[in-house]
Every structure is written in structure tokens, then in C-alpha cells.
Amino acid sequence: MEKFYITTPIYYPSDKLHIGHSYCTVATDTMARYKRLRGYDVMFLTGTDEHGQKLERIAKGQGLTPKEYIDKVVIGIKELWKTLDISYDKFIRTTDDYHVKTVQRIFKRLYDQGDIYKSTYEGWYCTPCESFFTEHQLVDGKCPDCGREVEKVKEESYFFRLSKYQDRIIKYMEENPEFLQPNTRQNEMINNFLKPGLEDLAVSRTSFQWGIPVEFDPGHVVYVWVDALSNYISALGYDTENDSLFQKYWPADVHVVGKEIVRFHSIIWPAMLMALDLPLPKQIFGHGWLVINGGKMSKSVGNVVDPNVLVEKYGVDAIRYFLLREIAFGQDGNFNNEALIQRINSDLANDLGNLVSRTVGMIQKYFDGTLPETQEPTEFDGDLVETARNVVPKVEAAMDKMMFSDALIELWNLIRRTNKYIDETQPWILIKEESKHAMLANALYHVAESIRIISVLLQPFMPNTPALIWKQLGIENGAWDSAKEWGKLPKTLSVQKGNVIFPRIDMKKELEELEAAIKASQATSIANQDKKEEKEEKAEISIDDFFKVQLKVGEIIASEKVKKSDKLLRNEVKIGDEVRVIFSGISKWYTPEEMVGKKVVVAYNLKPRKMMGEMSYGMLLCADDGADKLSLLTLDKDIPSGADIS
């Protein structure tokens, strides 16, 4: 039996995975299901990436150990994958003992053979992305991947000789054009990263402890990306006494990753494998982002869409269909509520659901639920049968290239051709003449047989819908190859009418309800994030950390309530020669009129934050007694605005 090994990236343990995260996993699951149906022995791996400075900081801010924080979050991730019918074969956590030991052995081997050496790293580090960058890789002094601030880091580190493998990786990509897909990703990696020159990579950290310890130098922890990438082979038992899974499934057939982490998978990972003298994965597929209002979904921006909300309202199959059909895999795709409901109404309710419902309904109405054996051909049969026979190779060709949207387009061509066949044969006319009842039976058989083939091909995309169709058609299952053969249904087909599979939705009413549900979910997410940030701010800091905060005297020269907010005031604050806009959630305790003229304490060098569509530059300090009382910090003497507070 032919093997197929497919992986998603292991996910950072976020307490709110959004529909963008689900997109990657649904696509990977679809491919795994397709290969199983084709008879492959499939290994589908997913999991969680549980080390790094960012997680350590979040956990500390919540008064938890990193493991305590992560253990809670992983439960939610697994529940979401269950909700979305993700059929993974193995779930790896990078805190699993076997993974930790494998990473330590890999690190030691690379050190022993001279591919890792000790030195000092000085450069830029993005904590949210857990990524090192050179000066020329920054964009406007910020992280080129996420656009956030970077930190200047200087610490003793071990380095991996990444530069040693630069030419080998370029040569490999040029000789294997299918290695990194879509092709635009390969061109980007070669022209933007490889040909300008690779620098050796810092692969250990000493400024924090939450990571896999370097066994022979315990003050160091392994760089999180070396740790994370190794999961693809540690999950298979690489370099252990029982490496049967590794021998069976490696090299991976495809790593499915988001485009923001293609660089790690297509440069660092191949270099590590080359150093270990292991074969490279056959393909890395870097899909695009699911964007909303033109921007990537992000908790910090507050534009995330909770997949649980969508599944609860429309069912998992409808959401999976939308994600796979709406977006060409590999490109960015826009999520909006109207497009979702339109797809459900047009493709699922009108095309598919109505086709099944009216076909079963006509067989019941015209023949008491069982077709007669005597049937007579119609002039329209040949084209429908030809369309059905041609659809399987077209779907397979698209699926083999992970072009899920194209595969569904081909499948829906058959669905629409079947609906057209009903309009051509006009069963409601044929029933009126007894001499044409045999022709009517033939027409309904052809429609039912086409539906059977459609249901078989739907299985990778929509795991639950085929069984609902089969129950109404009176069949038990559908092997993939059965879709390649016309006439598998018995001529004397008996049906049993069930509920409409995809009811139509009232667009206007549903949009209002859906937008309200999503906004409520986003508000909860933002509130939780604010609480988390507040806890992080209250964590114990050093005197050096305290001196990083720049406090200044500000004078409020204008203030107004913010529309669509019951707590925010928009204040214009004079600080020396400049005037800043600073939002503050204090309208419950102060009117705009009371604010004007006050001398206040401003956190001056706080990172700007977008609030209500406008940037807020700083924070007004307040005292909070924790019992619904709040007081703005003001000065008791006339100190000029702009003065430093120390």
C-alpha cells in the first residue's frame, strides 16, 4: 500500500484559535481524507508548539507556570479540531518527553559534527514570531513578518552553520521546481533570502528558561524553531529504538504551512535535514491568509472570527465547504459574512440540497418511493452520463495539486448539469402520460445515480453530508472508485425522504444575527486579551524595566465621548510642544467637561494602539480601588506640561 505523510504546522497554543487557523487544518484534513479514500496508508500529523519566550511571559503574567497555562489551552485546541471533524492520526506536543529527548540528541549530533558552534549573538529579535532578523531584513525598523516592534538582543548563543547549506538549498530548489508551492513562494525564498546570502542562525537562548535545555550546556535552551521543526521526525520516532514509523513514512509528502512561516520550512528545515543526512520532504505548500477587511486576522487587531460561532449556526460541512471553495489554495482570500451566506444559499441550498430533496420527493410522489424495473431512455441521458464519467479524473487532477477550489468547481459542474437534466426531462410533464412513465423512471434513476457519484466525491470536503444523502438513497457507503462507474444503484431504487440537507437562509435577517454573534465573540476575545495584558503588566519587574517607562506631565485641552462606546473618552493632551490623542476608558467617572484643564500623568513611551479606528498615543494613569471606583492621577502643583516624572 502506498504511503502518504501530511502535516500541518504545530500551532502556537493560543487561547483563541480563529477561522484563519482552522483554514489550514481543514485543508490538510481534506487532503488526508482524499488520500485515504484513494487507498493510501495516511499519516496526518498536527499538534502544538509549546516553548519560547512569548509563552513564558504570558504564563508569568497569569501567575501560572508555562506548562499549566498550555495544558488548559491545548484542551480547547483539541475540542476545536473535533468540532471541525479534523481526522488527524497523531497530535504532538513539543513538551512531550520523547520529543524533548529527540531534539536534544539532534542538537548534540549537529554540535559534535561541527554544524553548531558557540559564539555571541547581537541583533534583532521578534518575540511574537520567535524570529531573529538582521538589520537589512527589518521593514521600517520592525518585524518583516508581523510588523511589530523588535528587541535588541545580545547574549551568548550556539549557532547553526546555515550559510554552509545556502548553495545546496538553491541548487535543490532549482532542480526540484515542485518542492515549494506555489511557485511564487519558491521565487521569493531564492531571490529575497537565499541569493542575498544566509547568515548563521542563533539556535539557543540564555535570556529565558522555557525551552528544551541544551543537555551539555544547561544554561542554554534550544531555539524554538529548531525545536518546532524537529517535530515532523520526532513524531515518527526518529533516532529512537523504535523508528518503524520514521522508516515507513519519511520523507513527508507535504508540509502544509501558512505563507508567513515558509522561510523556516523551506530554508532552515532543509538545512537541518541536510546536516542530518536525511531526505528532504517532497513538498512544502505555503497557503495564503484568510483576510478580513483587507487585513490578516489577528487577536491584537480584534478582527478574529470564531469558528465555533459559525459551526454552531451553519454546521461544520457548510463552513468547510466555504473555506475550500471560496479561496484558491495558495492565495489570500477574503472572509465576509455576506459571501458565506451567499455560498450556503446558492451552492449548498439551491444547487445541492434542492437537487437531493426534489429528486427523492419525486420518486416518492410518482412511484411510492421505489422505481420500477422497466425504464426507457431519454435523449438527454448521454450528456449527463458523459459529464459524470469525466468528473472523477478532473477532481483527482485538481486534488493532486491541492487545488481544492478547482476540484469543487468541477464537482459543482456535475451538480448543475444534473439540475439542468431535470429541467430538460421535465418529470412533472412525463407523469401526466402513462406511456411515458418508463421514461420518467429512467430520468429519475439517472438523477439519483448522478447524486450518488456526487456524494462519493463530496467525502473529503464535507464528511457528514454524504451519509445524509446515502440514507435518503437507501445505500450504506461510497467507495471512491465506485464514482468512476455509472449504474451502481439498483434499477428498482427505493428512497426515504429526510430533512432538507441545507435549508435556505434569509440573507438580511441572518446577516444581522451573524454580525451580532461575531461582534460578541470578538468583544469577549478583546476583553480577555486586555485582562491578560493587564496581568502581564502586573508581573514583577526589575528597576531597569521600570526605568524604561517614561512618564510625563500632560494637560488635557479637549475631550469628547466616543460614539459606539459606553466607556471611552477621546482626549487631546498637550505634552510640551506636542498634542497627542489618547483614549481612556473613564467616561463612567468623568465627563468631557471635567477632563479639560486637568494636569495628568501620561505613560509617554507606550506603544501606540489602534482604538475605534484611530491611534491612541499613550495612557492616562488612574488609581483603581477594585470596587468600581476610579480616580485620575493629577498633580497638586502647577508643573508645566511635558515635564518628566521620576
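This is a predicted model: local features need pLDDT of at least 70, side-chain atom pairs count only at pLDDT 80 or more; totals for chains, interfaces and linings use all residues.
Strands here are DSSP runs of E with at least two residues, helices are runs of H or I with at least four, and both are numbered from the N terminus. The two strands, β4 (residues 116-126) and β5 (residues 131-133), pair in the antiparallel sense over 3 bridges, where pairing requires that DSSP finds at least two bridges between the strands. Together they form a hairpin with 4 residues between them, and E130 in the turn has a positive phi of about 50 degrees.

Strand β4 also has β6 (residues 151-160) as an antiparallel partner, with 10 bridges between them. Here Y125 stands opposite E151 of β6.

Turning to helix α13, this element covers residues 337-367, 31 residues in total, and reaches 41 Å from its first C-alpha to its last, close to the 45 Å expected (1.5 Å times one less than the number of residues). A kink of about 40 degrees is centred on A349, the bend being the angle between axes fitted to the seven residues ending there and the seven starting there. Of the 31 residues in α13, 23 are buried, that is, under 20% relative accessible area with a 1.4 Å probe and protein chains only.

Both ends of α13 have something to show. Just after the helix, D368 takes a positive phi of about 55 degrees.

Residues are numbered from 1 along each chain as its sequence is written, and side-chain values use heavy atoms, leaving out hydrogens and water. Local features need pLDDT of at least 70 and side-chain atom pairs count only at pLDDT 80 or more, while totals for chains, interfaces and linings use all residues.

Note on methods. Buried means under 20% relative accessible area, exposed over 50%, partly exposed in between (1.4 Å probe, protein chains only).
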